[in-house]
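Subject: Structure handover

Hello,

Here is the structure I promised to send over. Please open it first, then read my notes below.

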Amino acid sequence: MTHCSLDLPGSSNPPSHLSLLSRWDHRHVPPCPALQGTPLSATLSLVMSQCCRKIKDTVQKLASDHKDIHSSVSRVGKAIDRNFDSEICGVVSDAVWDAREQQQQILQMAIVEHLYQQGMLSVAEELCQESTLNVDLDFKQPFLELNRILEALHEQDLGPALEWAVSHRQRLLELNSSLEFKLHRLHFIRLLAGGPEKQLEALSYARHFQPFARLHQREIQVMMGSLVYLRLGLEKSPYCHLLDNSHWAEICETFTRDACSLLGLSVESPLSVSFASGCVALPVLMNIKAVIEQRQCTGVWSHKDELPIEIELGMKCWYHSVFACPILRQQTSDSNPPIKLICGHVISRDALNKLINGGKLKCPYCPMEQNPADGKRIIF
C-alpha cells in the first residue's frame, strides 16, 4: 500500500491523520492522488460519522423551526383576513366623499392639531410644509405655550406655570379652578423639603395662600402644621404624604385640564377620540351592514347626521348630556328641544305638538291637563 507522507519542520514523528485534517486548507491545497480510493481509518470514520450526525440533526432542527414559524405566519394572515374588511367605506354615507379635497384638508388639519397637542411640534411643521397646509400662528400659539409650560412642569420647574396662572387668575376663578393654589402649595412643599434652612423662606412664601384661605383652609392648616416636624424631618412625620412625587403628576393633569378649558381646547386630541370611537363602532356597523345586505333593506344610511343604530361607546366618550324623548323615542336637538311640563315630566317639543287637543295638553304620564304654552324649554 502506498502512503503519502508530509514532513513537518521540527517534528521527528509523522503527524496523525486527524492532525493533518485540522491543518490542511482544502480550499487551496489539491487532494493528494495517492489518498484517492484509500479506506479511512477507524478514527476518521468515527469523526465523519459524528459530523454527518450533527449536520443531520441541525438540518432537522432548522426544518422543524421553519415549520413552526410558517404555521404562525399563516395564522397571522388568516387573523388579518378575518378581522379586517376592505369594504369599510360601505358603512359611511356616499355624500361624505363628495368633496374629497375638502375632506382631505379637514383630515390633515385634524392630524396637525393632534401633533401639536401631543407636543410633536417639528413633525407638525414638517407635515404643514409637505401638505402645503396653511396654519395660522393664532392657531399654533396656544399649543406652543401649553407644551412649553408642561415641559417645565415635567422638569419640576413651577415658574412658567405660576406666571401663566397669575396672568389668567380672573378667568380661572370664573371656572372655579384651584390651579394657582395648587402651584403655590407645591412650591411651598419644595421649600419644606429643603429642611430647617428653608423654614424662614417657607414662612415668608406662605403669604401667597392668603387669597385662597376661605376655599382651602383645611389644606393650608395641614401645611402650616408640618412646620413643627421640619427639624425632625418630614419624611418621618405624619406629614410625609406632602413629599409624594404623585403631586407633580397631579399638577400636570390639573394644568392641562384647566388651561384647555380656559382656551376652549379639548383635553384629549379629537383625532385620538374619533379613532378610539371608530374602533368600537366599526365592528358593530359592519355587522349591521351585513344584515341590511342580506335582508335587502334600503334607505337605512340616508341620514348623514345620525347612525342607523345606537352604539354604546362607554362612559369615557360621554361629553354632554343626551335626552331622548320617551314618547317619540327620538334624541332631542336644537330644532326639537326638551320641554318641561307643569307636572314636572319632560317630553320633546314635537311630542308636545302632537299631544295638543283642542288647545289643551294632557300629560301622557299623569292626568294633569295644562296649557301647552306653559311648557318651558330645558337645556342640559
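Predicted model: local features only at pLDDT ≥ 70, side-chain atom pairs only at ≥ 80, totals over all residues.

**Helix H5**

H5 covers residues 137-154, which makes 18 residues. At 1.5 Å a residue, the helix should span 26 Å. Its end C-alpha atoms are 25 Å apart, which agrees.

Several H5 residues are buried. They are Lys140, Phe143, Leu146, Asn147, Ile149, Leu150, Ala152 and Leu153. What do they pack against? Their partners are helix H3 (100-117), helix H4 (121-130), helix H6 (159-167), helix H8 (179-193) and helix H11 (246-263).

A reminder on spacing: an α-helix has 3.6 residues a turn, so residues three or four places apart point the same way.

**Salt bridges**

How many salt bridges does the model have? The count comes to seven. I looked at three of them, one at a time.

*Glu125 and Lys140.* This one brings us back to H5. The two side chains meet in a salt bridge, at 3.2 Å from N to O. Glu125 lies in helix H4 and Lys140 in helix H5, so the pair ties together parts that are 15 residues apart in sequence. Lys140 counts as buried, at 14%. The cut-off for buried is under 20% relative accessible area.

*Arg169 and Glu180.* Here the closest N and O atoms of the salt bridge are 2.6 Å apart. Arg169 belongs to helix H7 (residues 169-174) and Glu180 to helix H8, so this pair ties together parts eleven residues apart in sequence. Arg169 is partly exposed, with a relative accessible area of 38%. Glu180 is buried, at 5% relative accessibility.

*Lys61 and Asp65.* These side chains also meet in a salt bridge, at 3.1 Å from N to O. Both residues sit in helix H2 (residues 42-83). Being four residues apart there, they are separated by about one helical turn. Lys61 is exposed, with a relative accessible area of 53%. Asp65 is partly exposed, at 31%.

**Where to look**

Start at Lys140. This residue is among the buried residues of H5, and its side chain meets that of Glu125 in a salt bridge. Then move to H8. That helix packs against the buried residues of H5, and Glu180 of H8 pairs with Arg169 of H7.

Best wishes

Note on methods:
Residues numbered from 1 in each chain as written. Heavy atoms only, no water. Helix = DSSP H or I, 4+ residues; strand = E, 2+ residues; numbered from the N terminus. Expected span 1.5 Å × (residues − 1). Buried < 20%, exposed > 50% of the residue type's maximum accessible area, 1.4 Å probe, protein only. Contact = heavy atoms within 4.5 Å. Salt bridge = Lys/Arg side-chain N within 4 Å of Asp/Glu carboxyl O.
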